[in-house]
Amino acid sequence: MRKVFGRPNALTSAPTHYCPGCTHGIIHRVVAEVIDELGVLDRTIGIAPVGCAVLAYDYFNCDMIEASHGRAPAVATGVKRVLPDRVVFTYQGDGDLASIGMGEIVHAAARGENITVIFVNNTVYGMTGGQMAPTTVPGQRTTTSQSGRDISTAGYPIKVCELLATLGGAAYIARVSTTSPANVARAKRAVKKAFQTQLAGDGFAMVEFLSSCPTTWGMTPREALKWIDEHLEPYFPLGEFVSRGRAS
Amino acid sequence: MGEKVLMKGNEALAEAAIRAGCRYFFGYPITPQNEVPEYMSRRLPEVGGVFVQAESEVAASNMIYGAACAGARVMTSSSSPGISLMQEALSYIAGAELPCVVANIVRGGPGLGGIQPAQSDYLQATKGGGHGDYHLFVFGPGSVQEIVDITMEAFEIADRYRNPVMILSDGVLGQMMEPVEFPDHYEPGNIPKPWATTGAKGRPRNIITSLELDPVKLEQHNIALAEKYKKASQELTRHEEYMTEDADVVVVAYGTTARVARAAVDRARKAGVKAGLFRPISLYPFPSGALFDLATRAGAFLTVEMSMGQMVEDVRLAVNGTRPVHFYGRAGGMIPTTREVYGEICKVVEGRV
């Protein structure tokens with residue numbers, strides 16, 4: 001018998017704690033497949049965030065570090081400056097990266113830090129129960145914006161790709177989603193480019209995933225994917241924002 | 001030892017770190033420690049090292065965390081308000097048991113305070129500083145030469161114990177110039193770091209985390225940390241005594257204040273007053289045992305600090321009520337004078353306190 005589908009070597013066999021329908025599982029798999037295909041698993045160091053992916057170190061089958069909330073890009077900077085020939089990636093949510101860790105991500109990008117960032121944007125603080133995030137869209141209901149995000153008091157969601165694309169150190173910036181097989185395939189190509197950017201020494205690379213949180217959004221998994229397409233994508237357009245490395 | 005050179009305390013600290021094998025420095029500007037990052041930015045590239053000016057002390061301390069995870073000898077320096085911002089990372093570093101060295105060139109507080117020397121971060125430095133049940137190992141050098149010696153040893157201690165080490169200096173020690181000698185030949189210790197996250201080639205993967213959701217395991221971790229600190233209290237405590245053999249009053253002071261106190265003790269001796277000096281060098285672990293032993297023969301203690309009374313708590317705990325412990329402090333960047341401390345010694349001897 002020929003094996004046609006299996007678990008990537010870059011994932012452990014541990015069952016994940018993610019909720020049914022959450023796209024973290026797909027995103028983990030996409031990242032793991034890319035690490036496998038590039039053959040860099042034994043020289044990769046991953047940095048886990050605080051948030052839903054806090055236990056990512058149990059799932060990615062490489063050396064892993066658990067960072068404090070928002071600081072993964074600073075931790076990655078420390079690792080990469082000591083070990084420039086290793087592959088270093090961070091895996092962060094929107095509260096972690098775009099709120100408490102905004103300073104760290106902006107300056108890592110500005111320095112052209114040669115790391116790869118996987119940014120999972122589900123527009124809520126999932127782990128803590130679905131509070132408003134810096135990427136919550138106008139009118140979106142969360143546990144701390146119960147009548148919908150009111151931009152007159154809570155301000156506007158932050159478009160991280162567009163923001164980082166203004167920085168000279170950013171070599172590859174893309175936004176993807178996993179709402180269809182075609183989108184997953186595109187996402188994987190983007191993640192591969194983001195890792196190749198690092199391998200080529202071109203500078204900072206980030207892929208933002210529009211992700212679902214059926215549990216805190218109060219939707220079925222299928223409704224949640226549809227909601228990404230209909231409500232998030234218009235605000236956070238998909239595509240490559242920067243692609244100026246040799247790897248591109 | 002090599003030839004004597006005249007160096008500023010802050011620059012000597014930076015050079016000592018490089019001699020000890022430190023090749024990575026992540027920092028952020030703040031007075032009065034700027035000579036350290038400036039020196040590092042110039043010297044580290046010469047020796048194949050890396051200097052990064054971080055966007056904040058928060059980021060700098062997390063870069064330290066990352067570099068320590070990668071197995072490097074790494075350090076940062078800052079001053080009081082910046083050190084406060086590093087407490088989060090220091091808690092994680094202590095929790096994950098990573099080695100690193102942090103220099104705090106203390107200035108007056110609270111808040112933005114001032115830029116003049118102080119010792120008002122003693123409690124923050126020695127009692128943990130951030131959240132959770134942990135300690136840094138803290139040393140308070142009293143001269144530029146001692147800054148050099150302690151800094152070089154700090155990296156060995158950090159590696160040996162897998163624990164952050166803090167050097168508690170201040171603006172006086174950092175800015176003043178004194179002759180120093182560096183060892184001619186120094187081989188940095190080569191303690192293996194099989195736990196480091198360097199890529200899992202040829203070995204099982206490593207995970208560095210301070211997260212443990214199982215309370216049984218987290219308690220075990222805290223117990224193990226406490227045992228490490230207990231071991232350190234037997235191995236790392238150090239102090240210096242000056243004219244304490246027959247002293248009626250023993251001044252207890254560290255760092256800059258100990259220099260003033262020593263002059264005051266000399267003055268007292270000239271005036272026929274039997275004064276002595278007990279100078280803690282390790283502030284955590286605190287030399288409690290030696291101080292308790294001294295309490296069996298000394299008449300009384302006078303703690304002198306550039307704070308409103310922080311180390312005096314440890315002195316009182318060590319003496320444990322066996323002798324009176326008095327206190328004299330200046331704060332906010334004011335430095336006690338020899339005359340003031342001499343006056344306080346006289347008050348204690350004459351029973352006027």
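Modeller: In this predicted model, 25 residues of domain 1 of chain B are in contact with 22 residues of domain 2 of chain B. Domain 1 covers residues 5-235 of chain B and domain 2 covers 239-349, and their C-alpha centres lie 28 Å apart. On the side of domain 1 of chain B that touches domain 2 of chain B, two or more residues come from each of α6 (122-126), β6 (137-139), β7 (164-170), α8 (171-175) and α9 (215-235) of chain B. The largest share, 4 residues, is that of α6(B). By class, this side of domain 1 of chain B divides into 14 nonpolar, 10 polar and 1 charged residues.

Domain 2 of chain B spans 239-349, and the elements described next carry numbers from that range. Five strands of chain B form an open sheet with mixed pairing, in the order β10-β12-β11-β14-β15. Its edge strands, β10 (239-242) and β15 (325-329) of chain B, each pair on one side only. From one strand to the next, the twist averages 20 degrees. Within the sheet, β11(B) pairs with β14 (residues 300-305) of chain B in the parallel sense, over 4 bridges. One detail of this pairing is that V252(B) has T303(B) as its bridge partner in β14(B).

Helix α10 (residues 255-270) of chain B lies across β10, β11, β12 and β14 of chain B and runs at about 165 degrees to β12(B). In helix α11 (residues 288-295) of chain B, the buried residues are L291(B), L294(B) and A295(B). Viewed down the axis of α11(B), these buried residues fall within an arc of 105 degrees, so they line one face of the helix. An α-helix has 3.6 residues a turn, so residues three or four places apart point the same way. The buried residues of α11(B) pack against β11 (249-252), β12 (275-280) and α12 (311-319) of chain B.

Strand β2 (residues 63-66) of chain A is joined to β9(B) by 2 bridges, and the strands run parallel. In β9(B), I208(B) is the bridge partner of I65(A).

N9(A) is found in the segment before α1 (24-38) of chain A. This residue is partly exposed, because 15 other C-beta atoms lie within 10 Å of N9(A). Although N9(A) and I35(A) are 26 residues apart in sequence, they are 8.7 Å apart in space, C-alpha to C-alpha. Leaving aside neighbours within four places in sequence, N9(A) is in contact with D36(A), L41(A) and N61(A).

Technical notes: Residues numbered from 1 in each chain as written. Chains lettered and ligands numbered in written order. Predicted model: local features only at pLDDT ≥ 70, side-chain atom pairs only at ≥ 80, totals over all residues. Pairing = 2+ DSSP bridges. Domains from an automatic or database assignment. Contact = placed C-beta atoms within 7 Å. Nonpolar A, V, L, I, M, F, W, Y, C, P; charged D, E, K, R; others polar. Buried ≥ 20, exposed ≤ 12 C-beta atoms within 10 Å, placed from the backbone. Arc of directions from axis to C-beta. Axes fitted to C-alpha atoms, helices over the stretch in contact; angles between N-to-C directions.
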